[in-house]
Structure formats: structure tokens, C-alpha cells
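Have a look at the fold first, then read on.

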Amino acid sequence: MCAVVAKSLDVVVLLKLLLDGAAKPYAQLSRDLRMSASEIHAAVRRCAEAGLIDLGSKKPLRQPVEEYLLYGVRYAFPAKRGPVARGLPTAYAAPPLAGQITVDDLPPVWPDPQGSTKGYGLEPLYSSVPAVARSDPKLYELLALVDALRVGRARERKLAEGELKKRLDQHANACTWRIAI
């Protein structure tokens, strides 16, 4: 038996799958996430091997996904802080936490030439995340919440945990949690 080696792009794919109520083919997910279809397919396979997606139905599994996002991602993909940059706000500086937390320091941003916020650079889970976040506000929120869990202090992580659980509950009730093969 071999170990599953997760990649940070798996988190991005998993979050997108949680949001989409209807099954989507890999080609559409590829366009939405600005990744190759083979990367999407490999990410789905790794998530299934890790027990995050049911192999038979191809549905993300609610409880394992929640545990992975809340307790595993932070350690598997620690946040890498970079120099001051212009970019797209993330973590506590992005919706939905932006209005709940006030910090005097520079905010964390995903470096992006189209960004309008100056802050300290935070390496995104995948290179296409800033572009994807600009075109998909709900995915942006989930990615920012995951970053708050990765980089935030205790209070920020607690708020992000509550917001993430709320969104997982909404999507669990609103969708079939499955993908097309």
C-alpha cells in the first residue's frame, strides 16, 4: 500500500467541487480553475484515495472534508509569507472576515498584478487562485477562509472555522456533492 501524497491544488479542486451543485465534466472544471484536465483528474483521484471523495458516487464526503479543511490543511500546506506586494486580499483581509477583524499590520494578499491592495504576499495554494477568485466570489470566500486557518492567529482561525462550517452546511444541504466522470 502506498501513501497518498496530497498537493495544494487538491484543496482548490475540492473547494470547487463543494460549491458546484451539478456534476461538471473535467473540461469545465479545468476552465473554471485554470488548471489542466489531467491536474483536475489527478486531484480527484488523490482526494478519493485520501477518503475525501466517495469512489462509487464521486461525491465529496462532508465529515472528512470538514476535518481535513479545519485540521489538516494548515499543517500539510503551511502558509508562506513573502515580501510586500500588490494583490488580492486573503485570509482575515478578505470577505467574509474582513468586516469582523481589525489589524494594524499590512493585510495578507495573494500577489497579483491586477490587485489593488498593498500587503504582505501570501503564496496561494495554486498559482491560478487570484484569477479564479476574481471570477468566482463564493470560491474566493472559501479560499480566503482556508488561508485564515493556515496563517491566522487563534481568534482569526476560530472565526474562519465558524464561517467555513456554515458554508459547508449550506452547500451540503443545497447540492448533491458529486462530480461527473
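**Charged pairs and a helix crossing**

Arg-150 and Asp-147 pair up through their side chains in a salt bridge, 2.6 Å from N to O (a Lys or Arg side-chain nitrogen within 4 Å of an Asp or Glu carboxyl oxygen). Bear in mind that this is a predicted model: local features need pLDDT of at least 70, side-chain atom pairs need 80 or more, and totals for chains, interfaces and linings use all residues. Residues are numbered from 1 along each chain as its sequence is written, and side-chain values use heavy atoms, leaving out hydrogens and water.

**Salt bridges**
- Arg-150 and Asp-147 sit three residues apart in helix H6, so about one helical turn separates them.
- Both Arg-150 and Asp-147 are buried (under 20% relative accessible area; exposed is over 50%, partly exposed in between, with a 1.4 Å probe and protein chains only).
- Lys-16 and Asp-136 form another salt bridge, at 2.8 Å from N to O.
- Lys-16 is in helix H1 and Asp-136 in the loop between H5 and H6, so this pair ties together parts 120 residues apart in sequence.
- The whole structure has 13 salt bridges.

**Where H1 meets H2**
- Val-12, Val-13, Lys-16 and Leu-17 of H1 meet Leu-29, Asp-32 and Leu-33 of H2 (contact is heavy atoms within 4.5 Å).

Note on methods. Helix = DSSP H or I, 4+ residues; strand = E, 2+ residues; numbered from the N terminus.
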